[in-house]
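Hi,

Here is the structure I promised to pass along. My notes on it follow below.

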Amino acid sequence: MDERAQDEPERRREWARRLVAGLSAAEEADRALAAALDPDPDLQAENSGRRARAVHAAALGLGPAGCAAAAGIPEALLAGWRAQDPAFEAALAAATALAAAHRVPGRGRIGGLGLRLFLQSVARGAHTGTAATTVGLRSDQLLRLRRANPLVAALVDAAVQQARGLRGSDRRPKRAPAYRLVTLRAPASGPDREHPRPDTPPQRDAPA
């Protein structure tokens, strides 16, 4: 057998492992850069950025669950924003119409952003079927994609392995971060533990 062909699966696994690990590193870098510019960001400005990411996701063909994942918020919070902010609702509807008009992506397919959100969710401990639903794929569509594309299969395997490494011996999926709505207040001199930023899970005295 050709030695290069023999080595190909191993090279693909290593490539996938490094790429999936880099997704988490990129998120951490984004947070660090934002903190460097403004260690105590304004909540309204931060949420405007989240809305923009949701609209971007809609323009790339993702549904409400995928838009919420791209914005880093629960889907219920996204729905609340749509109900309370006519400008945001109009922008999201227009982006969704744009994606539909250009068939981006086609039914049963995902683009690069959808794949990234899917892999990040799996790497954090979500079941592959649950993560697939978030980006608009059924489990059977995901299975066909993995069978047809060895690179995607390697990436999914790498994300699953990363999640197992984070859990250690615990085989149960990690719980998703908890969120709660916050009241917009005048800026304080320091962090407010009672009203954290929307991407900060509330502190708990002990695991539930």
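**Salt bridges and confidence**

Glu-89 has a relative accessible area of 26%, so it is partly exposed (buried is under 20% relative accessible area, exposed over 50%, partly exposed in between, with a 1.4 Å probe and protein chains only). Its salt-bridge partner is Arg-82, with the closest N and O atoms 2.6 Å apart; Arg-82 is partly exposed too, at 27%. A salt bridge here is a side-chain nitrogen of Lys or Arg within 4 Å of a carboxyl oxygen of Asp or Glu.

Before the rest, some housekeeping: this is a predicted model, where local features need pLDDT of at least 70 and side-chain atom pairs count only at pLDDT 80 or more, while totals for chains, interfaces and linings use all residues. Residues are numbered from 1 along each chain as its sequence is written, and side-chain values use heavy atoms, with hydrogens and water left out.

The structure has 11 salt bridges. Another one pairs Arg-18 with Glu-14 at 3.5 Å, N to O; both sit in helix α1, 4 residues apart, or about one turn. Asp-140 and Arg-138 also pair, at 2.9 Å. Through shared partners, Glu-14, Arg-17 and Arg-18 form one network.

On confidence, the protein chain averages a pLDDT (the predictor's confidence in each residue, from 0 to 100) of 82, and 77% of the residues score at least 70. Residues 171–183 fall below 50, with 28 contacts in the model beyond near neighbours in sequence (a contact means heavy atoms within 4.5 Å).

Cheers

Terms used:
Helix = DSSP H or I, 4+ residues; strand = E, 2+ residues; numbered from the N terminus.
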